[in-house]
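Here are a few notes to read alongside the coordinates.

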Amino acid sequence: MEKRLCYRCKQNSPGKYEDISFTYLGMTVKISKDGLTCEECAKELWVQDFEGKVKEFIKISKSGKPTVNWPHYQDFFSESRFSDRKERFHHILMTLGILSFQPEGNWEIVADGRVGLNPRAFLSYFYFVNKKDAIEFASLQFPNTLYGWEIHLISEVIEKKELLKGLKK
Ligand SMILES: [Zn+2]
């Protein structure tokens, strides 16, 4: 039987798709590793991305808590510049626990008529884990809009399936 190897280093076994967590510069990082890359390479790729695309926007506290420099973000990515890098940036913020795909317990920015204004990934909508980030992001991105907007803390989310199941009882 042919042994499958990591597509990147071609040495280690890639293992399966799994969520892994590790520490970098004192920060806790959580990533989803695919089934083609070994754990070491997955970490190295993350570090490459962080160092090359994200680090200049992040301040790390002594206890390892990352804080985003949103004014720098605002300047750098203004007028839709570097959109690929921006997507990657948002993704890295997710692995650092600053943004999340999960609505429950997190913050979102909502305009009149329920227009979502959060940073977007290609397919997914991000929520802010921290109130402070939601406030700063919204204040910098949308100070001069003609429409109103608010930030919301989402306390409970019930999916359609779950909700309909409840009605049948
Ligand atoms: Zn590898």
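1. To begin with the overall make-up: the protein chain contains nine strands and five helices. Please keep in mind that this is a predicted model. In sequence order, the elements run β-β-α-β-β-α-α-β-β-β-β-α-β-α.

2. Next, burial and contacts. Of the 169 residues in the protein chain, 18% are buried. If you take contacts between residues at least 6 apart in sequence, 56% of them link residues at least 24 apart.

3. The chain opens with a hairpin made of β1 and β2, with two residues between the strands. These two strands run antiparallel and are joined by seven bridges. In the turn, L25 has a positive phi of about 50°.

4. Now for helix α1, which covers residues 39-54. Its 16 residues reach 21 Å from the first C-alpha to the last, close to the 22 Å expected at 1.5 Å a residue.

5. Which residues of α1 are buried? They are A42, W46, F50 and V54. Viewed down the axis of α1, the buried residues fall within an arc of 70°, so they line one face of the helix. As background, an α-helix has 3.6 residues a turn, so residues three or four places apart point the same way.

6. What do the buried residues of α1 pack against? Their partners are β1 (18-24) and β2 (27-33), together with β3 (58-60) and α3 (83-95). On the face of α1 turned away from its buried side, you will find the exposed residues Q48, E51 and G52.

Key. Residues are numbered from 1 along each chain as its sequence is written. This is a predicted model: local features need pLDDT of at least 70, side-chain atom pairs count only at pLDDT 80 or more; totals for chains, interfaces and linings use all residues. Helices (H or I, at least four residues) and strands (E, at least two) are DSSP runs, numbered from the N terminus. A residue is buried if 20 or more other C-beta atoms lie within 10 Å of its own, exposed if 12 or fewer, and partly exposed in between; C-beta atoms are placed from the backbone. Two residues are in contact if their C-beta atoms, placed from the backbone, lie within 7 Å. The expected span of a helix is 1.5 Å times one less than its number of residues. The arc is that of the directions from the helix axis to the C-beta atoms. Two strands pair if DSSP finds at least two bridges between them.
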